[in-house]
Amino acid sequence: MTGEKLAQRNYYGKALAELAKEDPNVVVMDADLAGSTKTSDFQKACPERFVEVGIAESNMIGIAAGLAASGKTVFASTFGVFATGRCWEQIRLAVAYPKLNVKIVATHCGISVGEDGASHQALEDVAIMRALPNMVVVAPADAYEAYAATKELARYNGPVYMRMGRADFPTILSEDVEFHIGKATVLREGKDVTIVGCGQMVSSCIEAAEQLKAEGIEAEIINMSTIKPLDTETLAKSVAKTGCCVTAEEHSIIGGLGSAVAEALCDGNWVPLERVGTKDTFGESGKPDKLMVKYGLTTADIVTAAKKAIGRK
Amino acid sequence: MTDYTVAELENIANKLRLHVVEMTYAARSGHPGGSLSAADMIAALYFKFMRHDPKNPDWDGRDRFVLSKGHVAPVLYAALAESGYFPVDDLLSLRQVGSKLQGHPVRGKVPGVEMSTGSLGQGLSMACGIALAGKMDGKDYKTICMLGDGELQEGQNWEAAMFAHQAGLTNLIAIVDRNRLQITGDTEGAVGLEPLPEKWKSFGWNAIIIDGHNMRQILEALDKAANAKARPTVIIMKTVKGKGVSFMENNAGFHGKACNDEEQARAVAELKAVIQ
């Protein structure tokens with residue numbers, strides 16, 4: 001039900017378990033974290049097409065490439081830091097360059113990983129994956145969209161990186177939401193400021209819009225669940241109306257959604273842009289909600305950024 | 001494939017060597033040393049051992065070859081061209097702008113190239129994936145992966161070696177071109193690999209050690225590896241880097257350097273003298 005607190009990874013697991021029955025080409029891999037990433041749901045449904053590689057992410061990517069070259073649709077999962085940084089060059093050569101059908105699906109992205117601290121908080125993953133030619137980058141807004149995106153990824157033939165969080169957080173979309181690669185959705189219309197969010201931050205964007213409304217500011221909210229290729233058309237249309245923009249992501253402002261939007265605005269019609277995200281810093285251990293406050297990733301930070309952007313018009 | 005004799009295969013290997021020096025000379029760059037050491041094995045694979053159809057590169061029943069030591073692309077391209085995957089005349093476009101013959105092999109650009117390689121240490125993982133798919137689908141193709149010896153300093157090889165044993169990939173054959181030289185010089189002076197057969201054995205593999213320039217030994221080893229029942233097999237072939245061109249032999253300087261004009265004349269003359 002919309003508003004219910006659900007973890008994206010549980011819905012990733014649910015979609016994979018269904019794919020086990022729907023698509024005989026799907027192979028799922030993990031690097032000793034199947035219980036956390038929820039690929040264990042696929043393992044239960046289809047042990048013969050589940051591949052445990054042990055704690056060896058680089059090897060996982062190479063094997064994934066070999067499987068994909070042999071006609072398989074491969075989902076390879078682990079935590080975001082290890083799924084991208086540990087084996088970036090393997091992804092570059094073995095998957096992205098030959099455009100193989102491998103979906104690198106990471107959980108535990110962002111600072112809300114919490115207590116495990118900076119070693120486990122992926123805040124640069126979008127930046128490094130976005131830089132790879134042929135790579136699609138997806139960050140679903142809630143558990144329902146994660147489910148829909150997983151199904152869509154299985155239909156798409158090519159490399160994709162999808163990032164998800166660890167925690168349960170409120171769903172904002174309907175249970176039967178559709179997901180299309182490269183297509184953003186306007187969740188709320190407004191004329192004063194465009195707020196573009198991805199992942200868990202979209203729900204905070206909606207809350208921010210409510211607060212801004214109380215002050216007479218009408219914010220337009222875009223769920224940019226595909227960061228690459230960016231839906232520049234939806235973005236351009238919105239900023240043409242509002243004249244300023246805010247981005248919100250649980251990721252560094254260097255190289256992530258904020259950068260992608262800045263690039264798009266540079267290529268089109270520039271408007272004032274404020275980026276909410278981590279500011280060129282590592283995270284630390286702590287309760288997720290306290291970390292979100294300390295690192296400037298709350299609804300209040302989005303509200304402040306929106307006012308600042310409007311002030312710069 | 002045509003049933004070539006040992007002598008004919010040796011002759012094909014020398015033809016491949018001639019292509020290698022001509023291609024790298026034309027490109028004024030490339031990696032002749034390791035291409036020449038691998039030439040006998042490559043000839044055995046493409047003209048005797050492997051099940052493949054150059055007119056139908058994507059044939060489902062083909063054996064799969066992954067060149068993990070991607071820098072020796074010239075000898076692979078030469079074998080593919082001589083097999084009939086593409087015209088031999090194309091070989092001289094190596095490393096030119098717009099050529100399909102990139103400095104390192106690229107999947108999708110060259111018919112017969114299974115995987116993109118060139119960054120060392122990754123091919124065995126890819127080969128594991130291909131072999132695993134074969135097992136999953138009940139197909140009987142073999143997957144063969146050629147590795148450099150210096151390349152084994154990359155840790156990912158050992159992740160793959162562990163996995164291959166765990167997954168029971170008896171349909172996988174690794175070949176190590178043990179020419180003992182890397183850019184720095186002797187592998188044992190860089191970061192030593194010995195005892196190499198024992199390393200592989202302790203990772204759960206059969207290890208066969210051969211003279212990589214003895215065609216009979218090569219064919220026997222491949223046959224033995226193809227019939228392995230319990231474990232994946234590695235063939236460690238002792239070779240001479242630069243084999244077939246006197247001044248390139250055991251010379252690390254020709255790892256990644258083509259001949260100059262004078263050297264080229266000598267290299268071509270030496271190789272032509274042994275080609276029937």
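## A helix pair in chain A

Helices α1(A) and α8(A) cross in a right-handed sense. The model described here is predicted. Helix α1 of chain A covers residues 8–22 and helix α8 of chain A covers residues 143–155; their axes come within 8 Å, at a crossing angle of roughly 35 degrees.

On the α1(A) side, the contact is made by A:Gln8, A:Asn10, A:Tyr11, A:Tyr12, A:Lys14, A:Ala15, A:Leu16 and A:Leu19. On the α8(A) side, the residues are A:Ala143, A:Tyr144, A:Ala146, A:Tyr147, A:Thr150, A:Lys151 and A:Ala154. By type, the residues of this contact are ten nonpolar, three polar and two charged.

## The two domains of chain A

Chain A is divided into domain 1, residues 7–170, and domain 2, residues 185–307. Between the C-alpha centres of these two domains of chain A there is a distance of 25 Å. Their contact involves 29 residues from domain 1 of chain A and 30 residues from domain 2 of chain A.

Which elements of chain A give two or more residues to the side of domain 1 that touches domain 2? They are α7 (125–130), β6 (136–138), α8 and β8 (168–170) of chain A. The side of domain 1 of chain A that touches domain 2 of chain A is made up of 16 nonpolar, six polar and seven charged residues.

## The contact between the chains

Chain A and chain B each supply 21 residues to their contact. On the side of chain A that touches chain B, the elements giving two or more residues are α4 (57–69) and α6 (88–96) of chain A. Of the elements on this side, α4(A) gives the most, with nine residues. The residues on the side of chain A that touches chain B divide into twelve nonpolar, six polar and three charged.

## The largest nonpolar core

The largest nonpolar core has 195 residues, and A:Ala64 and A:Ile195 touch the most other members. Helix α2 of chain B, residues 32–49, gives the most to this core, with eleven residues. Domain 1 and domain 2 of chain A each provide at least three residues to this core.

What is A:Ala64 in contact with, leaving aside its neighbours within four places in sequence? The contacts are A:Met29, A:Val74, A:Ala76, A:Val95, A:Val102 and B:Gly129.

How values were computed:
Residues numbered from 1 in each chain as written. Chains lettered and ligands numbered in written order. Predicted model: local features only at pLDDT ≥ 70, side-chain atom pairs only at ≥ 80, totals over all residues. Axes fitted to C-alpha atoms, helices over the stretch in contact; angles between N-to-C directions. Helix = DSSP H or I, 4+ residues; strand = E, 2+ residues; numbered from the N terminus. Left-handed = near helix turned anticlockwise from the far one by under 90°. Contact = placed C-beta atoms within 7 Å. Nonpolar A, V, L, I, M, F, W, Y, C, P; charged D, E, K, R; others polar. Domains from an automatic or database assignment. Core = buried A, V, L, I, M, F, W, Y, C linked by C-beta atoms within 7 Å. Buried ≥ 20, exposed ≤ 12 C-beta atoms within 10 Å, placed from the backbone.
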